[in-house]
Amino acid sequence: MTGWIWWVIASVLLSDFQTADLFTNATLVFTVTLCLNFGINLFFGRGNGWSYLLGHCLIGSMIFVAYAIILSTSRSEVKNVWRSLYFGWYTYDSLSFIVFWHDLPHRFRIFQSIHHSLSFLCTGTWLAVGGKWTDLTIIAVVVWLTSDLWHYLSSLYGLFSEVGVTRRSEAGYNLKLENLVFASYGIGIYIFVDDMSVLAWLILGTGLLFDAIDTYFRLLTWPRRLAKPPQ
């Protein structure tokens, strides 16, 4: 809740962005997401926990694709549109995992609580600090916003597959991808360090922080995922 409140304050009072349509569009995103998730629950009906995870991964992937489409069609629009998509989606997802709290795995609840709270805090800080949104900055934001697409798609596959072999192969695959992500940060710093603004460093720091958190929680679940499936 603290992160959510900070994001609203930063966006309305501290940011140099226009906020006229921000919350209207975010409410629209929230409503569409609610309708999509209702359809998922109605169609699959496997229980609140499973349905939440399915909606989280499926709708989240759709949001990621929307970011990429906007970036490819109108780069100048990204810096305005991403906030509505992000705030509407994250507000809905935060409320959903609170509603389904007792139906979700304990470690996942901890991860989501830390992840979403820090996400609101970090992106709110971007807005409060401000700065010039260059093409490089916009691309960096979209890369970070969509960086979990591969993990969401992997999770979707796991939800519809037998968990044995899938989880064992997924564990090593995910950690290898995390290593590549960290390597890419080093390459990015080496190439662009002379042209890095305060905002750019904040975005880079956010990416490093969240990939460290993601890797930590994946390492915690690695022994269970590598365990042999029951015969």
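Starting from the N terminus, the elements of the protein chain run α-α-α-α-α-α-α-α-α. That makes nine helices and zero strands, where helices (H or I, at least four residues) and strands (E, at least two) are DSSP runs numbered from the N terminus. Keep in mind that this is a predicted model, in which local features need pLDDT of at least 70, side-chain atom pairs count only at pLDDT 80 or more, and totals for chains, interfaces and linings use all residues. Residues are numbered from 1 along each chain as its sequence is written, and side-chain values use heavy atoms, with hydrogens and water left out.

**The whole chain**
- Of the 231 residues in the protein chain, 43% count as buried (under 20% relative accessible area; exposed is over 50%, partly exposed in between; 1.4 Å probe, protein chains only).
- The accessible surface is about 12500 Å², and carbon and sulfur atoms hold 68% of that (Shrake-Rupley method with a 1.4 Å probe; for residues, only the protein chains shown count as cover).
- Among contacts (heavy atoms within 4.5 Å) with a separation of 6 or more, 78% join residues 24 or more positions apart.

**Meet Ser84**
- You will find Ser84 in helix 4, residues 75–99.
- Ser84 is buried because its relative accessible area is 6%.
- Leaving out residues up to four places away in sequence, Ser84 touches Asp21, Leu22, Asn25, Ala26 and Val29.

**Meet Trp144**
- Trp144 sits in helix 6, residues 135–145.
- With 12% relative accessibility, Trp144 counts as buried.
- Beyond residues up to four places away in sequence, Trp144 touches Ser119, Thr123, Trp126, Thr206, Gly207 and Phe210.
- Trp144 and Leu204 are 60 residues apart along the chain, and their C-alpha atoms are separated by 8.9 Å.
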